[in-house]
Amino acid sequence: MNKKLKLLVGSMMVALAGTSQADINVGVTLSATGPAASLGIPEKNTFALMPTSIGGEKVNYIVLDDASDTTTAVKNTRKLLTEDKVDVIIGSTVTPNSLAMIDVVAEAETPMISMSAGAAIVEPVDARRRWVFKTPQNDIQMATAIVEHMTNNNIKTVGFVGFADAYGEGWFKEFAKIAEVRKLQVVANERYNRADTSVTGQVLKMMTAKPDAVLIAGSGTPAALPQKTLKEKGYKGAYYQTHGVANKDFLRVCGKDCEGTFLPAGPVLFADKLAESNPIRKVALEYVNKYEAAHGKGNVSTFGAHAWDAGILLQNAIPVALKKAKPGTKEFKAALRDALEGLKNVTVSHGVVNMSPQDHLGFDQRARVMVEIKDGGWKLVQ
Amino acid sequence: MDLQIALLLTQDGIVNGAIYALLALALVLVFAVTRVIFIPQGEFVAFGALTLASFQTAKVPGTLWLLIGMGAVISIIELLSSSRRRGGRRRLTFALGWNLAYPAALAVITLLAKPGDWPLALQVLLALALVVPLGPMIYRLVYQPLASASVLVLLIVSVAVHLALVGLGLLFFGAEGSRTPAFSEASFSLGDVTVTGQTLWVIGASLLLIVALYIFFERSLWGKALRATAINRVGAQLMGISTTQAGKLCFLLAAAIGAMSGILVAPITTIYYDTGFLVGLKGFVAAIVGGMISYPLAAAGAVLVGLLESFSSFWASAFKEVIVFTLIIPVLLWRSMTTHHVEEEEE
């Protein structure tokens, strides 16, 4: 009996392995728990909405949680590559995790599409990064939009306050670089932690420098604290936030203190406000409607859209790769990489992608809009 | 830096210090009575504040389900253990009343009435009624079976409870933060400095709680029983003090202090599901200043931590946490040089 059972299980496993051989396996690692959970959860929800077949082949999404932790992200990647034999990796949610995964996928010669913002993930495209692509806009694109808006509005001095982590640091570097070129003076540079209960010290220090405007580089609801404190202490200048706050929780927490704040953002959230002729409108609305049908109105976020865009890239690249090799093989992975690099004029929910051997992001200025917070909602400017 | 800025920073430091002081007191209390280093203390801060915030967004707080769930588990345990023991009838009815009837009653109130429309004071009371009983329940479920384990085991268990509660917090309240309306919108000008009503509430309520704790420990029989247990567990037991009851009582107090501090700070700052840990950790630094035994020293340490934090965020904001947590090192050095090392008593 025991022997029979073993035989049965064995043959079933062979059968299972046989069926999964022809399928395309997409390995996903994202941060559904831990500090980046507010980004990772909508991404996770998005994978459930993705098509289950591409180019006539069945697609399996194997989604793992890395708890916003770098070591776990690398472990997940290795597991997906060796145990699940995936053809492509999508992930992770945050930049440090994605950076750590590059070596692993390059070694396994498997293409990877990151959902995190850091430019260093795909720049410069070298021997390792030739396997790596990403969907979110670079900080520098967003920073340029802010600096442009500031100089157009006659702002000469800026105070900066950001997260005391890679997000704040990265933003400061990009912002200071462009600000210098455009003759914008950064007069204060402060840091605070996401979980801080008070930023009075930083705010007072900034106010003694009397900047024309402040830029707050934080993501989600924690970015509301400096703005509320600045308002409370009577700061009268202009307020700028980054695209990290483009969700409705931020509006809920910041309330009337955020009226008149400017921020750059990906177009997906404002899809219904885009011109009818804009190709992004249709793609973005499709995602928004799908997501809201499953998870309730107003719950869509830019982060889930980055995951959706990774899906769109695959839907365009996989049919090309299928012509060259069978899924599950080394050749297929290489063909998929080449196909991703060759994508031209692919409209995603965040913009239009034109990949090249030097550019594994492929966005132009269509990938961002300037937004003002007005009457407790978003309003497009320009 | 001019005088006005110094005053504003001091004010900010004292407000935060007041919250750290409350948490430090709770930590010292729990450690003295049960030898548990109560890392989940901070979670009560988040749970209290976010439960209140859930009422205001017309959501059912997940803490209600936690209360019902833990109550049910405890009831099962009590039923099983009382069937093996005779004469536990009264105890059993009492336990079932608290662990089944009480959560059920609260569930009816929370689900049927709309707490979001109530006056703020009543909402606060309901939030406390939901969160505070979690303290003794955690003690009953987790720590009571381990009451005589070593401090290290209890610490490891605390870490586990902390991780479990943070995970539940994320599940209940989501990753984004919340704020609650202020108790009072009033604000006063003292010279150049504006003082908001909420600041006074925080400082006032903290002082009041500290005084109330003092009176409780000095004047009431229960307070004296807790003190006796803290000084000598075996001795207290021989005098007829139930260490289990003492443990439950001090977890009740710790939970109440934690939830209350959360409700007090929620209008000043944004609270997230994991805010409590960092706040609790700073209370812990303060408690260490007090050597985990002295209440006044812990309170003074808390104000020191608050001030240090607010001034260092002005001068070197990027290194604020480093500066605050580095405070532990000289304090530990000083303490280890001034006090004699006592071997932990084995029971």
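How many Å apart do the C-alpha centres of domain 1 of chain A and domain 2 of chain A lie? They lie 32 Å apart, in a predicted model where local features need pLDDT of at least 70 and side-chain atom pairs count only at pLDDT 80 or more, while totals for chains, interfaces and linings use all residues. Residues are numbered from 1 along each chain as its sequence is written, and chains are lettered from A and ligands numbered from 1 in the order in which they are written.

**View 1. The two domains of chain A.** Domain 1 covers 2-137 + 290-367 and domain 2 covers 139-265, with bounds that come from an automatic or database domain assignment. Each domain gives 13 residues to their contact, where two residues are in contact if their C-beta atoms, placed from the backbone, lie within 7 Å.

View 2. Strands S1 (24-30) and S4 (88-91) of chain A pair in the parallel sense over four bridges, and Thr29(A) stands opposite Gly91(A) in S4(A).

**View 3. The side of chain B that touches chain A.** The contact takes 26 residues from chain B and 25 residues from chain A. Helix H1 (3-34) of chain B, a DSSP run of H or I with at least four residues, gives the most to this side of chain B, with five residues.

Methods: Helices (H or I, at least four residues) and strands (E, at least two) are DSSP runs, numbered from the N terminus. Two strands pair if DSSP finds at least two bridges between them.
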